[in-house]
Amino acid sequence: MPGSKLGYFNSVLTDKGIPLAATITVFDQGTATPSTIYADAGGVTPLANPFSTDAIGRFQFFAGLGNYDVQVTGPGITSHKIENIRLSDVTQISQLMDVTTYFCVTPEQYGAKGDGQTNDWAAFNAMFTALAGSGAPNRKRVVLNPSSYYRISSAKNATNVFEVDVNNIILEGPGMGILTLYYDGPAATNFMKFLNQPGYNTIREMMIKCGPGDSGNTRDLSPVVNIVCWDDTKYTTLDRVELVGCAGKCVTGFQWMSEVRHCIFKWFGAAGLDTIATTAYVVNCYANGGDRKAGIKGFIINAAYGAYTANACDNAEIGYSVEMTDGGQVVIQGCGAEGCKQYLKSSGGVVYLDGFAGNNAGVSGLPDAWIEMDGSAGRLTGFSNTFANTYLLKTTNCPELVLDSMIPKAKILVTDSTATKFQDPVRVAHDYSGDDFRWVEAADFGSHVNVNLRNYIGCQNATAILKDGTKALSSTLVLKNMRGWGRFNIYRQNAWGETKIRFLQTSGNGFELENINLPLSFYGHDNANIHLVFQQEGSGVLFKLTNCQLVRFFGVELIASEGRGAVFELDEFSALEIDKTVMDKMNSNFSGLCNKPHRIKFTGYTAKPIAGLFDTGCRIEFMAPAAGGYLGCICTAGGTPGTWKYYGAIEA
């Protein structure tokens, strides 16, 4: 009879969420008597009993107060009874129907065969069209048969094989690595393009392959440029998807709070993944270009902010390409690159590399640097690698770059106006020594260079070799917190003639050395030709030492214009060793040699000095004292070279 009724709602689905056609019979609880039920909460329209589920497996009924049993039967369904149910208020039924339910379909419902032979394009196109219709529920789910793969041999147009004008859709396959969609149709720009929608679209658990062949290079034979293209859609997700074979990019147009996780991209012509999202997260993904063809990049990162974590790239020209001309920040954490000509090439933005590694041993045609950064700021932390490039890092016009806890095995080339700080333990391999190790090659310094080496842990005989030219330094060159068991040498590489490298300091102190717990040496070349020059034109001292174990100078030239500060300033914990080759070339324009002359050891002398700037209290021990001679001499009045007196007479 008419009146307010209570209702019941449910769905009949497989364990994969595929709707099933079923017959529903409602009984009064504990009896075999069919109940009187209605199609509406007002009890106006009687509902046949039994009745059928709708197109997506849902059913509902309304009845009077009481308890009921619901019997579910149908083809392929083991008869099931839901016993002793209680009905609910109609408003709750409405919420369930409108909000929590996915509209769940399969391509087979639209005529797909899924036999790998039949062209199923028309069925998929009809399905996407239906899901885009005005009557479709808000949330859609497409479930692809786990025992099928679908051949697609037609295209909607020359631009897109499929156009998915649907939001809030999940495309779910049978599992990662299982071939699900295979395209061998006419040439098109995109295999699947998601059009301008709010987004919230997901592709998961499937393999999409474009191009003939069961294995090997499907890129050059692929009929599509890109596999998946998002066009300004937001909040999109790829989860456990494998995309194989395209002339361009496996995924492009990834935007706005999007996420890629546990995906594989293979045999692409430009990139596995191109993110242009405001925020993008890429986690545990793998890109393999198949070979190192020019222009192939594993991951292109254009995000205003992006996080790449635990990803890997093989066989690409560039593993990670950061292209942010308008700024932005990218974090690349725990990512590797094997067989790539370069690990990273960046332009603009801020790049943070943390725990990165790779190997390109045996790869030919390598560019100069394993990592190349142009105009990018950032930090490189925790690196250990085997690579064959000339340089580990090449920087150009980088506003500020910090290297932290790294193990470089090649030169670091700092160029143009780059401010580089090497801090925390920067290690070098123990088997690199002497001329075999090239650490910082300070070529082409610009006019605003600030190179800081901090917390360096050196190895035996680690060396930095400097190239030719005058390096104008408008700020102090800092070496800080270096420790180890060997020596760190800065010297001019052997060259013909009088070619020199000159550090020209124009402001403040020249070098500040702090907490150097290993012998640090500055070598020019030899006694005859001085190739390393430090010139002070600033207001401070040329070298300031704080808590430095021992700093040596050999074969370098220390000069200044008239009226400049002292050459050295030491604290009580620092020590200097200066060779005669340095003192003989030193001019007299400094205000003095050092504030603590007793902390200096002079080497290479066999007699009183005849050149060089000395302070009162400087003491020289001769190299080879002889009988009837003296142990050394001491400066009693500073000058060039000042007044010297012998001490320590030796018996004849």
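Guide: Let us start with the cavities: the count comes to 3 of 30 Å³ or more. This is a predicted model, in which local features need pLDDT of at least 70 and side-chain atom pairs count only at pLDDT 80 or more, while totals for chains, interfaces and linings use all residues. Residues are numbered from 1 along each chain as its sequence is written, and side-chain values use heavy atoms, with hydrogens and water left out.

Visitor: What makes a space a cavity and not a pocket?

Guide: On a 1 Å grid over the protein atoms alone, a cavity is a set of points where a 1.4 Å probe fits but cannot get out, whereas a pocket is an open set with protein on both sides within 12 Å along at least five of seven lines. Grid points are joined across faces, edges and corners, and the volume is the space filled by probe spheres set on the points. The second largest cavity has a volume of about 40 Å³.

Visitor: Which residues line the second largest cavity?

Guide: Its lining consists of Phe124, Phe128, Val142, Leu144, Leu171, Leu181, Met192 and Met206. Lining residues have an atom within 4 Å of a point.

Visitor: Why is the contact between Arg204 and Glu172 called a salt bridge?

Guide: A salt bridge needs a side-chain nitrogen of Lys or Arg within 4 Å of a carboxyl oxygen of Asp or Glu. For Arg204 and Glu172 the N to O distance is 2.8 Å, so the pair meets that rule. The pair links distant parts of the chain, 32 residues apart: Arg204 is in strand 17 (residues 202-210) and Glu172 in strand 14 (residues 169-172). Strands here are DSSP runs (E, at least two residues), numbered from the N terminus.

Visitor: Is Glu172 buried or exposed?

Guide: Buried means under 20% relative accessible area, exposed means over 50%, and partly exposed is in between (1.4 Å probe, protein chains only). Glu172 has 8% relative accessibility, so Glu172 counts as buried. Arg204 has a relative accessible area of 25%, so Arg204 is partly exposed.

Visitor: How many salt bridges does the structure hold?

Guide: The structure holds 16. One of them joins Asp239 and Arg261, with the closest N and O atoms 3.4 Å apart. Asp239 lies in strand 19 (residues 237-246) and Arg261 in strand 21 (residues 258-261), so this pair ties together parts that are 22 residues apart in sequence. Asp239, at 13% relative accessibility, counts as buried, and Arg261, at 25%, counts as partly exposed.

Another salt bridge is formed by Lys580 and Asp584, whose closest N and O atoms are 2.7 Å apart. Lys580 counts as partly exposed at 30% relative accessibility, and Asp584 counts as partly exposed at 31%. There is also a network of salt bridges linking Arg219, Asp220, Asp291 and Lys293.

Visitor: What makes Gln117 exposed?

Guide: Its relative accessible area is 57%, so Gln117 is exposed. Gln117 has its place in strand 10 (residues 115-119). Its C-alpha atom and that of Arg151, 34 residues apart along the chain, are separated by 6.2 Å.

Visitor: And which side chain does the side chain of Gln535 contact?

Guide: The side chain of Gln535 makes a polar contact with the side chain of Glu537 at 2.8 Å. A polar contact is a pair of N or O atoms within 3.5 Å; within protein, one must be able to donate a hydrogen and the other to accept it, and residues adjacent in sequence count only if both atoms are side-chain atoms. Gln535 is in strand 51 (residues 532-536) and is buried, with a relative accessible area of 16%.

Visitor: What about Ser521: buried or exposed?

Guide: Ser521 is at 0% relative accessibility, so Ser521 counts as buried. Its place is in strand 50 (residues 511-523).

Definitions and conventions:
Helices (H or I, at least four residues) and strands (E, at least two) are DSSP runs, numbered from the N terminus.
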